[in-house]
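Please have the sequence and the model to hand while reading.

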Amino acid sequence: MKLFIDTANVEDIRKAHELGVIAGVTTNPSLIAKEGRDFFETVKEIISIVGSLPISAEVISLQADEMVEQGKKLAALGDSVVVKVPLTADGLKATKRLTELGIKTNVTLIFSSTQALLAARAGATYVSPFIGRLDDINMIGMQLIEEISQIFRMHDIQSEIISASVRHSVHVIEAAKLGADIATVPYKVIESMMKHPLTDAGIERFLADWKGANQSIF
Ligand code: E4P
């Protein structure tokens, strides 16, 4: 399973990219608004950081023709831009048309496997089921990953499953075990995936022992 970073914060994207662990970036209108910067400038800067890795940027219109126009403008920023479209009837129409134009799409705000199947059939490059937001309303988000994964494998559907709305590292591991292709995660989740108290204690012990051994090879 690949990891994408879910943020519009360029410093977090830079840090994650330097770690060498991310294979893409996802943003959404809330994440862009949080940064208080121009949308297009932000996407351009993200491209300058991650190069050819896929970067999802979302359209704002709810009308298919306008979604396609907005999608074309976003896609013109670079080949790595993936147009994010919400799962609505107009979103599906826009997905089909963008796909025909050779533009990659990420169908977002997916909360059921029927929605995921429709998105895939409209040609979505990626489908984004939102795990955390299902958990928030006392549903089991991971069951959705399991179901979509099973359906896509059984029917040889090529759209990649992005486990989105990931809140913690347990979500990441569960999504990986259940067959998600990608988990998109905030930087703080990447940090928590790195940490283990036994790693810290081990380093402390190694350094203390080394000091006592009077070695000088470095
Ligand atoms: C995914 O593409 C979305 O940007 C994101 O994962 C939403 O997460 P949230 O539910 O934490 O806002």
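Tyr 187 counts as partly exposed in this predicted model, because 18 C-beta neighbours lie inside 10 Å, whereas a residue is called buried at 20 or more. Tyr 187 belongs to helix α10, which covers residues 187-194, and, leaving aside neighbours within four places in sequence, Tyr 187 is in contact with Ile 5, Thr 7, Asp 12, Lys 15 and Ala 16. Tyr 187 and Phe 4 are 183 residues apart in sequence, yet 9.8 Å apart in space, C-alpha to C-alpha.

Strands β1 and β8 pair in the parallel sense over four bridges, and Leu 3 stands opposite Ala 183 in β8. Eight strands close into a barrel, with parallel pairing, in the order β1-β2-β3-β4-β5-β6-β7-β8.

Helix α6 (residues 113-121) has the buried residues Ser 113, Gln 115, Ala 116, Ala 119 and Ala 120. These lie on the same side of α6, because they cover an arc of only 155 degrees around the axis. The elements against which they pack are tabulated here.

| Element packed against by the buried residues of α6 | Residues |
|---|---|
| α5 | 89-100 |
| β5 | 105-110 |
| β6 | 126-129 |
| α8 | 141-154 |

Just after α6, Gly 123 takes a positive phi of about 110 degrees.

The largest nonpolar core has 52 residues, and Ala 119 and Ala 183 are among those with the most contacts inside it. Leaving aside neighbours within four places in sequence, the contacts of Ala 119 include Leu 87, Leu 92, Val 107, Ile 110 and Val 127.

Conventions: Residues numbered from 1 in each chain as written. Predicted model: local features only at pLDDT ≥ 70, side-chain atom pairs only at ≥ 80, totals over all residues. Core = buried A, V, L, I, M, F, W, Y, C linked by C-beta atoms within 7 Å. Buried ≥ 20, exposed ≤ 12 C-beta atoms within 10 Å, placed from the backbone. Contact = placed C-beta atoms within 7 Å. Helix = DSSP H or I, 4+ residues; strand = E, 2+ residues; numbered from the N terminus. Pairing = 2+ DSSP bridges. Arc of directions from axis to C-beta.
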